Structure formats: C-alpha cells, structure tokens
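Please find below a short note on the model under review.

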Amino acid sequence: QVKLVESGGGLVQPGGSLSVSCVASGSILNIGDMRWYRQAPGKQRELVATITSRGTGNYVDSVKGRFTISRTNADNTVHLQMSSLQPEDTAVYYCNGDIVSATTWRRQTYWGQGTQVTVSS
C-alpha cells in the first residue's frame, strides 16, 4: 500500500520562511510528477507547485520567486521551501504524487493527509 505523509507545517510570522516535506512509502516501483496543493478556509484546493521526475519545477504565479519545490528520488521525498510568507499563504498544504505501485503495477495519483501552515503575527 502506497502512502504519502507530510510534515513540517506550523505557525510563522509574515515575511518568514518555512519548509514542508512529504515522504512516499510502501510498495513503490516508480514515482512520476509530484505536486503540492493548498486549501485555505472557504476556498477551493489549488495547485501550488509541480516537480517532474527529472526535477523540473513549475509554480502558480502567486508563489513564483518565493517557493521552491525539490525532490530526493533516493528516499522518495518532495520538499517545498517557502519564504516571504504572507497571511494569504495560510492553508492546509497537501502532497500529491503519480506513483506506480509494485503491487498493482498501475499508476495512480495518491494524496497525503495535509499539514497546516499558518502565517500570522
């Protein structure tokens, strides 16, 4: 069974930095694109950043220049380094990945349970 687990959320002051991470575990053959989404209270979930298996990152305009997505393929981990955080970045951040299970040999999209990021003074 494939599982994604996020960590690293918390409370940070405006202008501060925070990093969140996500580890994929279980019977994994291959991991393709991985993504970070976020969902603020009362709003729809939005795609924040994507990283391909080769390490190419793409970002939503609102976080370009402030957020950096990276991955470590050796330990099935994806990170999101966030800087110059603002109150509007407050949300639950979710990890998402396209993963081929060694059990099913099928590529599916898996989600983590989310980690809260709160930007407030």
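1. This is a predicted model. The largest nonpolar core has 28 residues, and the members that touch the most others are Leu 4, Trp 36, Phe 67, Val 78, Leu 80, Met 82 and Tyr 93. Two or more residues of this core come from each of β3 (18-25), β4 (28-39), β5 (46-51), β7 (67-72), β8 (77-82), β9 (91-101) and β11 (115-119).

2. Met 82 deserves a separate remark. Leaving aside residues up to four places away in sequence, Met 82 touches Gly 16, Ser 17, Leu 18, Val 20, Arg 66, Phe 67, Tyr 93 and Val 117. In general, nonpolar side chains tend to be buried together in soluble globular proteins.

3. An open sheet is formed by four strands in the order β1-β3-β8-β7, with antiparallel pairing. Its edges are β1 (3-7) and β7, each of which pairs on one side only. On average, and with direction ignored, neighbouring strands of this sheet are turned by 15° against each other.

4. Within the sheet, six bridges connect β3 and β8 in the antiparallel sense. Leu 80 in β8 is the bridge partner of Val 20.

5. How many disulfides does the structure hold? There is one, and it joins Cys 22 to Cys 95 with an S to S distance of 2.1 Å. The pair links distant parts of the chain: Cys 22 lies in strand β3 and Cys 95 in strand β9, 73 residues apart.

6. The disulfide of Cys 22 and Cys 95 is left-handed because the torsion about its S-S bond is about -75°. Cys 22 counts as buried because its relative accessibility is 0%. Cys 95 likewise counts as buried, at 0% relative accessibility.

Notes. Residues numbered from 1 in each chain as written. Predicted model: local features only at pLDDT ≥ 70, side-chain atom pairs only at ≥ 80, totals over all residues. Heavy atoms only, no water. Core = buried A, V, L, I, M, F, W, Y, C linked by side-chain atoms within 4.5 Å. Buried < 20%, exposed > 50% of the residue type's maximum accessible area, 1.4 Å probe, protein only. Contact = heavy atoms within 4.5 Å. Pairing = 2+ DSSP bridges. Axes fitted to C-alpha atoms, helices over the stretch in contact; angles between N-to-C directions. Disulfide = S-S within 2.5 Å.
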